[in-house]
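User: Hi! Could you walk me through this model? I'd like to start with the core and then look at the packing.

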Amino acid sequence: GLTFNTVLESGSKKLLQRYSNSDQIINELYRLCLGRPPGKAELKSAVDKLGSLPSEEDIQDLMWAILLLPEFQLIY
């Protein structure tokens, strides 16, 4: 909802202010969210998505994709 979208917007702005390229943004997102660097296939997909000049929306999309990984699924 609105709260989650606000968090995504805030996070993407902070990453753009803090890091100068897509590789740094991708590595930081994986480190923060999953505690590990991206795998080769994950890195390629993320670089393809963000390109060389990522927008806030592109970063938000990547954040969504990471949060949809099985590591974040709650099954009970």
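Predicted model: local features only at pLDDT ≥ 70, side-chain atom pairs only at ≥ 80, totals over all residues.

User: Which residues touch the most other members in the largest nonpolar core?

Analyst: Residues are numbered from 1 along each chain as its sequence is written, and side-chain values use heavy atoms, leaving out hydrogens and water. Of the 14 residues in the largest nonpolar core, Ile25, Ile26, Leu29, Leu50, Ile59, Leu62 and Ile66 touch the most other members. A nonpolar core here is a set of buried Ala, Val, Leu, Ile, Met, Phe, Trp, Tyr and Cys residues joined through side-chain atoms within 4.5 Å; buried means under 20% relative accessible area, exposed over 50%, and partly exposed in between, with a 1.4 Å probe and protein chains only.

User: Which helices each supply at least two residues of this core?

Analyst: Those are H1 (2-18), H2 (22-34), H3 (40-50) and H4 (56-67). H2 gives the most, with 5 residues. Helices are DSSP runs of H or I with at least four residues, numbered from the N terminus.

User: What does Ile26 touch?

Analyst: Leaving aside residues up to four places away in sequence, Ile26 touches Pro38, Leu43, Ala46, Val47, Leu50 and Leu62. Contact means heavy atoms within 4.5 Å.

User: Switching to packing, at what angle do H3 and H4 cross?

Analyst: Roughly 150°, and their axes come within 9 Å. That makes H3 roughly antiparallel to H4, a label for angles over 145 degrees. Axes are lines fitted to C-alpha atoms, for helices over the stretch in contact, and angles run from 0 to 180 degrees between N-to-C directions.

User: Which residues make that contact?

Analyst: Ala46, Lys49 and Leu50 of H3, and Asp58, Ile59, Asp61 and Leu62 of H4. By class, the contact of H3 with H4 has 4 nonpolar, no polar and 3 charged residues. Asp, Glu, Lys and Arg count as charged, Ala, Val, Leu, Ile, Met, Phe, Trp, Tyr, Cys and Pro as nonpolar, and the others, Gly among them, as polar.

User: And how do H2 and H4 pack?

Analyst: At an angle of about 35°, with their axes 11 Å apart. Ile25, Ile26, Leu29, Tyr30, Cys33 and Leu34 in H2 meet Ile59, Leu62, Met63 and Ile66 in H4. The residues of this contact divide into 10 nonpolar, no polar and no charged.

Key:
Parallel < 35°, antiparallel > 145°, perpendicular 65-115°, else oblique.
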